Amino acid sequence: MKIGVDYYPEQWSEEQWRADAQEMAKAGVKLIRVAEFAWSKLEPSDKQFSFEWLDEVIKTFSQVGIGTVLGIPTNCPPLWMYQQYPDIVRVGPDGNRIQTGIRGHRCINSPVFMGYAKRITEQMVRHFGANPAVVAWQIDNELEAYPCSCEVCKAKFRDWLIDKYDSLENINAAFGTSVWSGEYSDILQIEPPTAYPQAWQNPSLCLDHYRFTCESVAEYAKELALTIRRDAPKAKITTNTWFCENTPDFYKLFEYMDFVSYDNYPTVSIPKDKEEFYSHAFHLDLMRGIKEDKFWIMEQLSGPTGSWAPMSPTPRPEMIKGYSLQAIAHGADNILHFRWKTATKGAEMFWHGLIDHSGVPGRRLFEFSELCKTAAKLSVIDTTEIISEIAILYSPDDAYAMKIQPQVEGMYYLEQLRYFHSAFMHYGANIDVIPPTRDLSHYKLVIAPTMFVYDKAAAENIYRYVINGGTLVMTNRSGVKDSNNNCIPDALPTVFKELIGAEVTEYDPIGSREQTITDFAGNKFTCRRWCDVLNVTTAKAYAQYEDNFYRACPAVTMNRYCSGVAYYVGTVCKSDFYESFAGNLMRQTGIPRLKGLPRGVEVTTRTNGLDDYIFFFNNSEEDATITLPKAMYSIIDSSGKDKLVLKPFEMDIVRK
Ligand code: GLA
Ligand code: ZN
């Protein structure tokens, strides 16, 4: 368990490196990440490499016990390269080349750029690969599913389509181009989606283009990983990811990486409305689920954020430490804070690090130093893992398809996933977030929200799970689209009708209008966004609507199917429904529930088979008291406790 910081030696003097190394060592830093944007310093002109300064950085920090994560600087090619090859700059959806001098503007499909990218990677690996102070490699930075419209990308996309569909005729059929005279009579007529509102564009084209960009970026990362491995077979390789406008397909992106890294910026403004999600636990579970393994945080919140947006409030006391420990609770094993010192130059000078522009260590650094001390006590959990009995399925295709065609005001793909996630957290359960094609056989409960776009392997996997005795929950907007993102001409949820034992006779996209449902026990809950009016075949009603012309029709159903059970939630409710429903599901499937947890307290368990370590994180602005069923040993305070009293954003970890 190591704590570190992101560091930009190219922005500071050599004397400053030495002073920073001392200060970092004092604070307890064990890792730095460097160089991911420093190409112009590493190759100041074509084929002239300059690595000595970085040798010096690595040495300076390793002398005080700090290891280095080395960034491959391909995110920011030097301007001499653009001058020589203007075509390597990305073309935006508006048809214009992106302005250089800002970052991430290279086209990752450009063979010229790729040649340079591989060469700098190879040179760096040959130079630094055997250095024992280099503990891991980061490829590029926050790779996205870049929608580039340059000639290279266009040609590559057309080839990709032909490869997939064999002929123009098949592409026309798959895309349904007979609508609005969109039939292609020449492959050169196929253009990537433009800046024109996506809603007016062909949804099949948009989804395929997203798939293409996801594959392109994964291929790019793979090529660079292979380049590193060729000369440094034992290198540990990653790339850092996040959720963004063009969120990549994480499963593809990390296929050839050794581990997942996530850039974690939890919110510092806790919303008053309890329906607003602010816990980052869902994202952390999703990151762990990518490789079903522990992961790193390559960038972690350190101060007020800002620069591209007005600044956020500063993290409250305990947030810097608490949010890092929260990540550890969910499977992070090394955490680097972004960044050591706040930049005094460049576009990002108001995205604060641990130390402000003044250079004077203050409250945030002191708290970070406390985190380093705490992490040093956590070696006992290095060998633990997180075992979950509940899985929530996340699909990049479904997420993107719902972005292409938002279904109703207020509805977005992650919402229902997060409602379920929060509800299970409310009972202290571990939860895996995984793709729909993973082996589900060891889960007692699987939540499959919004299986919007048909994926044969996923549908079969889900059926198999229930047939073999699993308990499944599906939701509205499932079975809507075929794999080409066209509507399936059948009663919803089409391919899942048999499984859920019910069909949708009509739906009502009510948006923000609020209605009521009543469950079998007479409990009333507010619903909104969407109402599937269900007609049961073999299912039973779990809850029914109270309003509108579909009053008394089932809103939530339960169906026994082969050895398993499949629920269907036809509407979107508020958190009280999901908590009540989750409680019932857990009881029925024999998953233990912690009852009476104060709101905002998150409980995660890591185990090594012998001992369980239970993390109690107070993710709220109120003090929280938790009475333990028996006295347990706190590895934070090295003492026995039968009651935990947690300040806002404080964490305690007890051994069971
Ligand atoms: C991202 C990037 C960093 C930095 C931070 C904060 O996470 O990876 O380089 O820009 O945002 O702005
Ligand atoms: Zn391009």
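Two strands are taken to pair if DSSP finds at least two bridges between them, and in the hairpin of strand 20 and strand 21, which has four residues between the strands, Gly609 takes a positive phi near 95°. The model described here is predicted.

- Strand 20 is mostly covered, since seven of its seven residues are buried.
- Both of its faces are covered, with Val601, Val603, Thr605 and Thr607 buried on one side, and Glu602, Thr604 and Arg606 buried on the other.

- The nine strands of an open sheet follow the order 5-4-3-2-1-9-8-7-6, and their pairing is parallel.
- Strand 5 (237–238) and strand 6 stand at the edges with a single partner strand each, so one side of each is left without a neighbour in the sheet.
- Strand 2 (residues 31–34) and strand 3 (residues 67–72) pair in the parallel sense over four bridges, and Val34 stands opposite Leu70 in strand 3.
- Thr241 lies in strand 6 (residues 240–241), and this residue is buried, with a relative accessible area of 0%.
- Leaving aside residues up to four places away in sequence, Thr241 touches Pro248, Phe250, Leu253, Phe254, Ser261, Tyr262, Asp263 and Met287.

**The zinc site**
- The zinc ion (ligand 2) is coordinated by the SG atoms of Cys107, Cys148, Cys150 and Cys153, at 2.2 to 2.3 Å, and these donors follow the spacing C-x40-C-x1-C-x2-C along the chain.
- Cys107, in the loop between helix 4 (79–84) and helix 5 (111–128), and Cys153, in helix 6 (residues 151–165), are 46 residues apart, and the pair links distant parts of the chain.
- The four donor atoms around the zinc ion (ligand 2) subtend angles of 97 to 120°, which makes the arrangement tetrahedral; the cut-off behind this assignment is that all angles lie between 85 and 135 degrees.
- Both Cys107 and Cys153 are buried.

**The largest nonpolar core and helix 12**
- The largest nonpolar core has 186 residues, of which Leu54, Phe368 and Phe424 touch the most other members.
- The largest share of this core, ten residues, comes from helix 8 (residues 203–231).
- Phe368 is one of the buried residues of helix 12, which also include Arg364, Leu365, Glu367, Ser369, Leu371, Cys372, Thr374 and Ala375.
- When residues up to four places away in sequence are not counted, Phe368 touches Ile3, Gly4, Val5, Ala27, Val29, Ile320, His337 and Leu354.
- The buried residues of helix 12 pack against strand 1 (2–6), helix 1 (14–27), helix 11 (319–329) and strand 9 (332–337).
- Helix 12 (residues 363–376) has 14 residues, which should span 20 Å at 1.5 Å a residue, and its end C-alpha atoms are 20 Å apart, in agreement with that expectation.

**Helix 17**
- Helix 17 (residues 575–589) has 15 residues and reaches 21 Å from its first C-alpha to its last, close to the 21 Å expected at 1.5 Å a residue.
- Eleven of the 15 residues of helix 17 are buried, so this helix is largely enclosed by the rest of the structure; among them are Phe577, Tyr578, Phe581, Leu585 and Met586.
- Gly590, whose phi is positive, near 75°, follows helix 17.

How values were computed: Residues numbered from 1 in each chain as written. Chains lettered and ligands numbered in written order. Predicted model: local features only at pLDDT ≥ 70, side-chain atom pairs only at ≥ 80, totals over all residues. Heavy atoms only, no water. Helix = DSSP H or I, 4+ residues; strand = E, 2+ residues; numbered from the N terminus. Expected span 1.5 Å × (residues − 1). Buried < 20%, exposed > 50% of the residue type's maximum accessible area, 1.4 Å probe, protein only. Contact = heavy atoms within 4.5 Å. Donors = N, O, S within 2.8 Å, 3.2 Å for Na, K, Ca; no water. Tetrahedral: all angles 85-135°; square planar, octahedral: opposite > 155°, others 65-115°. Core = buried A, V, L, I, M, F, W, Y, C linked by side-chain atoms within 4.5 Å.
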